[in-house]
Amino acid sequence: MKATHIFYSGLAIDAMLFLLSISNILAMKRPIEGLTTTPAEGLPMSMLGRLLIWLIPLLLVGLMAIAFWLKKTGKLLPANILLWIPAAPMLIVVMIWGGLAVVFIIGGSNK
């Protein structure tokens, strides 16, 4: 597999992680009616906590921008390492989650 493919794979996983974190933040601000009972005003979080929760998406955007800059300057290996720091744990968790889902589907179909 080429290093460029590894770069774009890590970038795609980081982008999904970014979208997931943004959707969680927006769901905390405006809960979906009928799914949650806690109003948005009653979140047990201080003002500092509400500001710091935006730190994860901002760090991901910064990390992706630095990785693009490193790729542009010809340093593909450090760019790949930088992208895969958050992408590797996410990929492992998704693989375990998907594998367990398949195991439970196969195990439950024999009844």
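Q: Which elements does the protein have, and in what order do they run from the N terminus?
A: This is a predicted model, in which local features need pLDDT of at least 70 and side-chain atom pairs count only at pLDDT 80 or more, while totals for chains, interfaces and linings use all residues. Residues are numbered from 1 along each chain as its sequence is written, and side-chain values use heavy atoms, with hydrogens and water left out. Helices (DSSP runs of H or I, at least four residues) and strands (E, at least two) are numbered from the N terminus. The protein has four helices and zero strands, and the order is α-α-α-α.

Q: What span does helix α1 reach from its first C-alpha to its last?
A: Helix α1 takes in residues 3–29, which makes 27 residues. The expected span is 1.5 Å times one less than the number of residues. For α1 the expected value is 39 Å, and the helix comes close to it with a reach of 39 Å.

Q: Is Ser21 buried or exposed?
A: Ser21 lies in helix α1, and apart from neighbours within four places in sequence it is in contact (heavy atoms within 4.5 Å) with Ile56, Pro57 and Leu60. Buried means under 20% relative accessible area, exposed over 50% and partly exposed in between, with a 1.4 Å probe and protein chains only. Because its relative accessible area is 13%, Ser21 is buried.

Q: Why do the buried residues of α3 lie on the same side of the helix?
A: The buried residues of α3 are Pro57, Leu60, Leu63, Met64, Ala67 and Leu70. They lie on the same side of α3 because the arc they cover around the axis is only 150°, where the arc is that of the directions from the helix axis to the C-beta atoms.

Q: Which helices do the buried residues of α3 pack against?
A: The face of α3 turned away from its buried side carries the exposed residues Leu58, Trp69 and Lys72. The buried residues of α3, for their part, pack against α1 and α4.
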